[in-house]
Amino acid sequence: MSEKPLKAYHVGEDSDGHQVIVFATSGSAGRRIGGNELNLMFEEVNFCRRAPWADEFAGQPFIPAKAYHAQGWWLSCNNCENQLYDDAEDDDGNPLVIVYEGQHAYCSQDCKDARDREIADLNAKGDAFKQRLLTERPDLEFTKFEVGYPRITQSATFKFHGCQYGGSVRDQEGDGTLAWYIAKADHAAWDEYEAGRKAA
């Protein structure tokens, strides 16, 4: 027996902006899935109706921003968060030249470029943070790095010889200042480890 195909459903409440497109095999399933995405109980969903225009995106990671706009949805600029209606204008009354990139939209190429620079900068800071730790502290066993976009705080967890839990290190503000944290149960082991390392 073949599985039912996924269909697109437009689910929402009356509040402006609280609407989603979800994919399901039936209206009741769409209502439940959409309600979950909107943090609503099943009975709190005001409407669930078919959205055939989005059927082609079933199984895809996202619906392109341009497809939403073509259906009259408004979006927010992925950089400055200005609302982007299909007839939006700039401060001088000229139609916005909206730039689409996958699931995101931008009110101008300048806004997109600014976002791209921000992402590149955070990724570069993350790479520098990781490389610095691996270079300065090759003695530690780094178990996890949480670095790069979208994080401002770059962090890593680590273990050391004699530890029970280990510790973490972070660059809280992205300015290169490292703050080291050791699990309370490992303070004595860390002090001993560091004393031995410095004496070697």
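This is a predicted model: local features need pLDDT of at least 70, side-chain atom pairs count only at pLDDT 80 or more; totals for chains, interfaces and linings use all residues.
Three strands make up an open sheet, and their order is β2-β1-β3, with antiparallel pairing. That leaves β2 (19-24) and β3 (47-50) as the edge strands, each pairing on one side only. From one strand to the next, the twist averages 30°. Looking at one of the pairings, β1 (residues 7-12) and β3 run antiparallel to each other over four bridges. For anyone who wants to find this spot on screen, Val11 has Cys48 in β3 as its bridge partner. A helix also comes into the picture here: α1 (residues 27-37) lies across β1, β2 and β3. Relative to β2, helix α1 runs at about 135°.

Next come the cores. In soluble globular proteins, nonpolar side chains tend to be buried together. Here, the largest nonpolar core has 19 residues. Within that core, the residues that touch the most other members are Ile21, Ala54, Ile63, Tyr68, Cys77, Leu84 and Ala105. The top contributor is α2, with three residues. Ile63 is a handy place to look at the packing: leaving aside residues up to four places away in sequence, Ile63 touches Ile21, Phe23, Trp53, Ala54, Phe57, Tyr68 and Gln103. Another core, made up of twelve residues, lies apart from the largest one, and its members include Phe129, Phe160, Leu178 and Ile182.

Finally, there is Tyr85, which sits in the loop between β5 (83-84) and β6 (99-101). Is Tyr85 buried, exposed or partly exposed? Its relative accessibility is 37%, so Tyr85 counts as partly exposed; the partly exposed class covers the range between under 20% for buried and over 50% for exposed. Setting aside residues up to four places away in sequence, Tyr85 touches His69, Trp74 and Ile98. The side chain of Tyr85 also makes a polar contact of 2.5 Å with the side chain of Gln83. As for Cys107, this residue is 22 residues from Tyr85 in sequence, and the C-alpha to C-alpha separation of the pair is 9.8 Å.

Definitions and conventions
Residues are numbered from 1 along each chain as its sequence is written. Side-chain values use heavy atoms; hydrogens and water are left out. Helices (H or I, at least four residues) and strands (E, at least two) are DSSP runs, numbered from the N terminus. Buried means under 20% relative accessible area, exposed over 50%, partly exposed in between (1.4 Å probe, protein chains only). Contact means heavy atoms within 4.5 Å. A polar contact is a pair of N or O atoms within 3.5 Å; within protein, one must be able to donate a hydrogen and the other to accept it, and residues adjacent in sequence count only if both atoms are side-chain atoms. Two strands pair if DSSP finds at least two bridges between them. Axes are lines fitted to C-alpha atoms, for helices over the stretch in contact, and angles run from 0 to 180 degrees between N-to-C directions. A nonpolar core is a set of buried Ala, Val, Leu, Ile, Met, Phe, Trp, Tyr and Cys residues joined through side-chain atoms within 4.5 Å.
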